[in-house]
Amino acid sequence: REREQGLYFFSAFLSVAPRTMRKFAPAALRFGRTFSKLATKVEGAPDTTDFSIYMTQDGMTVSPWHSVPYQQPNGLYTYINEIPKATTAKMEVSTKVELNPIKQDMKKGKLRYFTYDMGTNGIPFNYGLMPQTFEDPDESHPDTGCVGDADPIDLVELSPTPMTMGGVYQVKILGCLAMIDEGETDWKIIAINANDPRAAGLDTVADYAKLDGGQKQLDQVVQWFRMYKTSDGKPENSFAFGGQYKDRDYALRIIDEVHTSWKNLCSGKIPNKKGFWVPK
């Protein structure tokens, strides 16, 4: 079955993709000349190893990581929601599986769930990724002193409503956090759904902090990332910059960096040591 996302992309894809992806585009992406509606196709039942959410375009399965433009012509950016607010299943784009469906993460043969409880009935924000990004595991970032975590960059979406798992949204970038997870840089882009009525008046996290309950929510995001592994017996995560948020301009530079790293992964400039699925 397919769920229409209701978001149309006028593709900037062909202008930003590496040559290897441009060659792939006519066969599987069909962006560039027309608007095209994205949808999702669900296989299996939730809370099982078979549960998978595939992305489709014009009835053809495409990759949410590689096929969807990361940036929109209107200055907004693209967000793919993996984990709806107030849920506990640890869902993520499967970077090593063909066409990168969203599946529940597993560890030691068991499905993973968030066990840390802040009294929010699950994760206290919408959580997912920005497509066409990659944090380089071979490059130490000068501002953190740590290499990237070898994943698409994460995004925290701050609107109050849980978003659809696998949904594709336009968001306004507000800032970022630099979490350090077991010696790796794990950037967290902070954004808000462009359709949130508050979005038009926001330019950066400092603006969001001035909203009613805004600073409390921002503090809650930091606390959750610092503490969420402790309920499983692991130490607290740490942060660069003392856990302070960086502003929108800094976050946009980070996005540019990780988009370049994605292009380098697809073109082979970054060795694909971990067996990520990328279009040939």
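This is a predicted model: local features need pLDDT of at least 70, side-chain atom pairs count only at pLDDT 80 or more; totals for chains, interfaces and linings use all residues.
Colleague: What is the phi of Lys108, which is not a glycine?
Modeller: Lys108 belongs to the loop between strand 8 (106-107) and strand 9 (110-111), and its relative accessible area of 80% makes it exposed. Although Lys108 is not a glycine, its phi is positive, at about 55 degrees.

Colleague: How many residues apart in sequence are the parts that the pair Asp138 and Lys273 ties together?
Modeller: The side chains of Asp138 and Lys273 form a salt bridge at 3.3 Å, N to O, the term meaning a side-chain nitrogen of Lys or Arg within 4 Å of a carboxyl oxygen of Asp or Glu. Asp138 is partly exposed at 41% relative accessible area, while Lys273 is exposed at 64%. Because Asp138 lies in the loop between strand 10 (126-129) and strand 11 (147-148) and Lys273 in the segment after helix 5 (248-267), the parts tied together are separated in sequence by 135 residues.

Colleague: Which residue meets the side chain of Asp196 in a salt bridge?
Modeller: Asp196 is buried, with a relative accessible area of 8%, whereas Arg198 is partly exposed at 28%. The N to O distance of 3.0 Å places the side chain of Asp196 in a salt bridge with that of Arg198.

Colleague: How many disulfides does the structure hold?
Modeller: Cys176 is buried at 0% relative accessibility, and Cys266 is buried at 8%. With a disulfide taken as a pair of cysteine sulfur atoms within 2.5 Å, the number of disulfides in the structure is zero.

Colleague: What is the volume of the largest pocket?
Modeller: A pocket here is an open set of points, on a 1 Å grid over the protein atoms alone, where a 1.4 Å probe fits, with protein on both sides within 12 Å along at least five of seven lines, and lining residues have an atom within 4 Å of a point. The largest pocket is lined by 41 residues, with Lys90, Glu92, Asp105, Arg112 and Asp151 nearest its centre. Grid points are joined across faces, edges and corners, and a volume is the space filled by probe spheres set on the points; for the largest pocket the value is about 1,000 Å³.

Colleague: How many residues in the lining of the second largest pocket are charged?
Modeller: The second largest pocket has 13 lining residues, of which Lys107, Arg112, Tyr113, Asp232 and Lys234 lie nearest its centre. Ala, Val, Leu, Ile, Met, Phe, Trp, Tyr, Cys and Pro count as nonpolar, Asp, Glu, Lys and Arg as charged, and the others, Gly among them, as polar. On that division the lining of the second largest pocket has four nonpolar residues and one polar residue, and the charged ones number eight.

Definitions and conventions:
Residues are numbered from 1 along each chain as its sequence is written. Side-chain values use heavy atoms; hydrogens and water are left out. Helices (H or I, at least four residues) and strands (E, at least two) are DSSP runs, numbered from the N terminus. Buried means under 20% relative accessible area, exposed over 50%, partly exposed in between (1.4 Å probe, protein chains only).
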